[in-house]
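Subject: Structure handover

Hello,

Here is the structure for your files. My notes on what was found follow below it.

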Amino acid sequence: MVKVSFRVNGELIELDVSPRELLINTLRDRLKLTSVKYGCGIGECGACTVLVNGEPVLACLTLTVDIDGKEVTTVEGLSRNSLTSVQEAFIEEGAIQCGYCTPGFVIMAEYLLREVPNPTITDIREYLKGNLCRCTGYVNIFRAVLKAAKYRVNK
Amino acid sequence: MVNTVYSVNITARNTHIIPFDFEYYEPRSLDEALELLSKYREQAKILAGGTDLLVKMKTRLVEPRVVINIKKIPGLRYIVEEGNYVKIGALTTLRDIERSGIIQKHTPALHDAVKLMGSIQVRNMATLVGNLCNASPAADTAPPLLVHNARVVALSKRGRRVIPLEEFFKGPGLTTLEPDEIVVEVLIEKATRGSSAFSKISRVAVDLAIASAAVQAEIDVNGVVESAKIAVGSVAPRPLRLKLLEEKIRNLRVGSSELKEVLGVIDSEISPITDVRSTAEYRRHVVKVLVWDTLERVYRRIRRGV
């Protein structure tokens with residue numbers, strides 16, 4: 001067992017972990033942050049995307065020991081009391097069908113809008129190409145991201 | 001992103017967990033890492049980005065007794081120019097390369113390749129050196145580095161070795177690296193003349209290549225090839241320079257029927273297989289189209305002065 005300490009959504013977490021424990025399982029099973037979804041487990045679907053020190057990372061391919069000293073953000077930590085512009089726009093545009101892929105998309109959309117405040121459709125495709133939606137609701141998702149960008153600019 | 005060249009049905013495996021224990025080390029210096037490698041040799045695997053290694057561990061393609069995480073070693077993440085070389089450190093991610101003006105200017109083919117690789121998430125985690133050491137025949141960074149005469153710098157307790165990339169790949173998943181060696185740097189020769197480009201074809205945006213091609217060439221104002229280095233991926237057990245074609249293509253014009261004819265020699269240089277991504281037959285066809293297109297892109301870049 002290895003002692004690790006890291007921040008999750010602003011909160012300091014201290015845990016004993018086995019080196020083989022994966023970040024996705026620490027977040028879901030031990031910290032009950034179930035927005036982080038298990039999709040493919042091999043880095044192809046983006047459902048487990050979280051931010052580590054502000055950069056998108058796949059929690060299914062990250063060892064928890066490796067997160068020691070870092071800062072993790074999941075959908076639960078994006079906003080304290082209200083919804084973010086991205087979340088609001090996703091609801092308004094119906095950018096959700098079964099909802100399983102949604103947390104990964106929301107994290108990547110937040111990251112995209114921090115890097116590119118006024119994205120084109122090409123930017124959106126590029127940033128979201130690592131997230132798969134098996135209901136194939138991409139059109140509404142792209143529309144939601146464009147709308148969220150407008151909300152953010154006006155805020 | 002695992003490569004099914006290893007022909008294991010990964011969907012049949014439980015990828016929720018890593019199903020075995022291992023000894024885990026986080027060396028704080030290269031000396032410490034080399035010490036561990038010389039002690040554990042074949043039993044140890046080096047962890048950097050983890051996008052290949054952890055997938056292989058989940059699916060039990062590899063079951064290392066020891067995992068050496070090198071991410072805590074300072075000073076291994078850089079892209080610098082030094083004289084006629086560009087140097088890239090072992091912990092440099094694909095995203096670092098994508099964002100580097102130095103790479104865009106001096107090795108445009110490598111810049112093309114990383115932009116087409118995986119998702120932003122994967123590029124943010126995966127390292128260039130990891131992509132090379134994984135030695136997939138479909139490693140997109142390999143053809144661009146081959147045409148830019150790249151070399152890898154390997155360290156062990158026994159000393160330092162500079163290996164031309166052409167001599168680095170042995171076969172799927174196999175390199176000429178010794179068990180106690182670690183790649184610390186990639187050395188790329190700056191092209192003084194001409195330009196380079198990389199193209200690939202894959203089934204969907206985030207996927208391994210069905211076939212890929214990189215070209216570094218000097219082409220005159222009339223479109224005549226003065227010299228060219230050409231490398232291809234996913235059409236042989238390892239990424240490959242096409243030396244025969246490089247000879248035959250000299251003094252031919254880009255886009256000419258003569259050029260189209262000599263592309264036939266590629267058949268004698270490659271040995272593609274049929275797998276889930278493509279048939280061997282299609283690979284033979286499409287790799288020629290890729291070489292043709294990539295030459296045209298290089299020519300356009302030269303004319304634009306890129």
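Which residues in H2(A) meet which residues in H5(A)? This is a predicted model, and in it A:Ser85, A:Val86, A:Glu88, A:Ala89, A:Phe90 and A:Glu92 are the ones from H2(A). Their counterparts in H5(A) are A:Ala144, A:Lys147, A:Ala148, A:Tyr151 and A:Arg152. By class, the residues of this contact are six nonpolar, one polar and four charged.

As for the geometry, helix H2 of chain A covers residues 85–92 and helix H5 of chain A covers residues 138–154. Their axes come within 8 Å and cross at roughly 135°. The crossing of H2(A) past H5(A) is right-handed.

In chain B there is an open sheet of four strands, ordered E11-E12-E13-E14, with antiparallel pairing. The edges are strand E11 (195–201) and strand E14 (240–241) of chain B; each has a single partner strand, so one side of each has no neighbour in the sheet. Eight bridges join E12 (residues 211–219) and E13 (residues 225–233) of chain B in the antiparallel sense. Within this pairing, B:Ser212 is opposite B:Gly233 in E13(B).

Two helices of chain B are also placed against these strands. Helix H12 (residues 280–304) of chain B packs on the sheet and touches E11, E12 and E13 of chain B, with its direction at about 35° to that of E12(B). Helix H5 (residues 108–115) of chain B lies across E11 and E12 of chain B and runs at about 25° to E11(B).

Regards

Terms used. Residues are numbered from 1 along each chain as its sequence is written. Chains are lettered from A and ligands numbered from 1 in the order in which they are written. This is a predicted model: local features need pLDDT of at least 70, side-chain atom pairs count only at pLDDT 80 or more; totals for chains, interfaces and linings use all residues. Two strands pair if DSSP finds at least two bridges between them. Two residues are in contact if their C-beta atoms, placed from the backbone, lie within 7 Å. Axes are lines fitted to C-alpha atoms, for helices over the stretch in contact, and angles run from 0 to 180 degrees between N-to-C directions. A crossing is left-handed if the near helix is turned anticlockwise from the far one by less than a right angle, and right-handed if clockwise. Ala, Val, Leu, Ile, Met, Phe, Trp, Tyr, Cys and Pro count as nonpolar, Asp, Glu, Lys and Arg as charged, and the others, Gly among them, as polar.
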